[in-house]
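Subject: Structure handover

Hello,

Here is the structure you were expecting. Please open it alongside this email.

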Amino acid sequence: MPLLFQSPPLSLNFAAAASRRATAAAASVAMRSSTSSSSGAFDPAAFEAERLRLDAAARAEMASAAAAGAESGAADPRAWKWAIRKRVWDALEAEGVARDPRPVHHRIPNFDGAAAAAESVRSLALFPAALRRRVKKFKPFIRHPLLFVSYAIFPPANVQAQIGSCDLGRLDVFQNAQCVKVNPDTPQKQVRFLTLSGDKKLLTPQPRLRTGFFSVLESSMIPAGCIPEACTSVGAAKYGRPIGLDERIKVDLIVIGSVAVDPNSGARLGKGEGFAELEYGMLRFMGAIDDSTMIVTSVHDKQLVDDIPVEKLLVHDVPVDIICTPTQVIFTNTAIPKPQGIYWEKLSPEKLGQIRILRELKRRIEEETGTILPCGPSEQLPPTARRRRRRWQRKR
């Protein structure tokens with residue numbers, strides 16, 4: 001059930017009012033986090049058990065949605081997305097590059113070489129490093145340092161064609177980033193590790209936004225030797241500082257997972273829940289990102305496709321600027337517009353009922369502006385999701 005999101009301009013204007021409450025909110029959140037930590041309230045085993053339960057339920061929902069799309073065929077406007085996802089998931093499993101957690105179906109798939117793809121993200125720090133990964137046929141230049149430097153500064157025309165017409169200055173995006181937002185999925189674990197071990201601030205969403213919003217982690221907050229643990233979902237909850245909608249934060253780089261991505265257009269498909277779009281829209285609302293914020297995805301080369309129809313993408317679909325694989329770095333020079341916020345008219349009441357932070361945001365905007373935000377059409381959710389929605393409705 002892909003979905004959603006972007007807000008009309010009023011929500012972006014509301015960000016200014018929200019930011020004025022940031023200091024008090026941040027202090028309150030920090031106090032709650034400190035109290036929870038000191039009292040030993042956090043139970044890692046219970047947290048992980050609940051995360052796995054929600055993960056299994058969500059994957060069952062996505063499998064149901066995919067099956068329904070396959071049955072309806074052309075009648076379902078999302079059927080083409082499920083067809084591409086299934087082809088990629090099947091290929092990763094069949095060709096032996098899929099890695100745990102398995103099966104990779106209905107997940108952001110983990111793959112052999114995920115750590116190497118993360119190193120490609122880090123290679124965005126220096127032009128020669130990125131060039132070394134992208135261009136392999138000129139090894140004599142690369143072996144000789146002086147030749148390589150001149151080659152990097154004045155690359156031959158055929159090499160320029162390979163790296164595209166992109167601005168080479170963009171290759172320092174990871175090195176210069178002070179705050180990096182990274183999704184919580186397994187194949188991006190090494191990206192989270194490189195972010196924290198590089199003394200950068202890590203912003204990571206709490207799984208499926210069902211239990212909260214984002215957590216901020218910095219190496220100074222983490223005990224010695226515990227950075228690898230902090231890169232897991234349990235570790236992020238254990239060591240991270242939860243933030244709210246009022247947090248003053250600037251995100252310099254976004255790293256997201258993908259199921260499939262088109263290097264020619266920058267078009268991307270996630271696993272089908274729409275959370276990458278939701279997280280992006282929320283960050284736009286907070287003023288943490290804008291159109292210039294680079295979006296990177298790390299994937300296996302088998303996840304590169306050439307048949308995502310750009311004309312069928314929805315306004316909330318998030319494109320990528322850079323693709324990092326175990327073997328190459330690709331600048332897409334995407335012309336696909338980035339979402340501007342949350343598109344409430346695309347958001348179903350059922351999806352809204354699943355996500356507490358989204359309901360809070362909607363309530364805030366409506367109270368501040370005196371405007372009732374639009375709502376999207378209802379969608380038929382599988383039984384697990386419908387049960388959760390009924391519990392929320394009874395609490396209203």
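Below is what was found in it, element by element.

First, a caution: this is a predicted model.

**The β-α-β unit**

Start with β1, α11 and β2. Together they make a β-α-β unit, and it is right-handed. Strand β1 covers residues 179-182, runs parallel to β2 and is joined to it by three bridges. Look for K181, which stands opposite L203 of β2.

Helix α11 spans residues 189-197, and its buried residues are V191, R192, L194, T195 and L196. An α-helix has 3.6 residues a turn, so residues three or four places apart point the same way.

Then comes β2, residues 201-205. Four of its five residues are buried, so the strand counts as mostly covered. On from there, β2 also pairs with β3 (residues 214-217). Those two strands run antiparallel, with four bridges between them. T204 has S215 of β3 as its bridge partner.

**The core**

Which residues touch the most other members of the largest nonpolar core? They are L203, M282, W344, L358 and L361, in a core of 37 residues. At least two core residues come from each of β3, β5 (253-256), α14 (275-286) and α16 (356-369). Helix α14 gives the most, with seven residues.

As general background, nonpolar side chains in soluble globular proteins tend to be buried together.

**Rings and charges**

There is one aromatic pair by the rule used. It is F213 with F214: the ring centres are 4.5 Å apart and the planes stand at 65 degrees. The cut-off for edge-to-face is over 60 degrees, so this pair is edge-to-face. Both F213 and F214 are buried.

Two charged side chains sit over rings. The charged end of R85 is over the ring of W82, 4.5 Å from the ring centre. K200 lies over the face of F174, with 5.1 Å to the ring centre.

**Backbone points to check**

Two peptide bonds deserve a look. The bond joining D100 and P101 is cis, with omega about 5 degrees. The bond from R102 to P103 is also cis, with omega near -10 degrees. P101 is in the loop between α4 (79-94) and α5 (114-122). P103 lies in the loop between α4 and α5 as well.

Next, positive phi. D199 has a phi of about 60 degrees although it is not a glycine. D199 follows α11 and is placed in the loop between α11 and β2. Is D199 buried or exposed? Its relative accessible area is 63%, so D199 is exposed.

N333 is not a glycine either, yet its phi is positive, at about 50 degrees. N333 sits in the loop between β10 (329-331) and α15 (349-354). With a relative accessibility of 34%, N333 counts as partly exposed.

Best wishes

Key. Residues numbered from 1 in each chain as written. Predicted model: local features only at pLDDT ≥ 70, side-chain atom pairs only at ≥ 80, totals over all residues. Heavy atoms only, no water. Phe/Tyr/Trp six-rings, centres within 6.5 Å; stacked < 30°, edge-to-face > 60°. Buried < 20%, exposed > 50% of the residue type's maximum accessible area, 1.4 Å probe, protein only. Lys NZ or Arg CZ within 6 Å of the ring centre and 35° of its normal. Pairing = 2+ DSSP bridges. Right-handed = clockwise from strand over helix to strand, strands pointing away. Core = buried A, V, L, I, M, F, W, Y, C linked by side-chain atoms within 4.5 Å.
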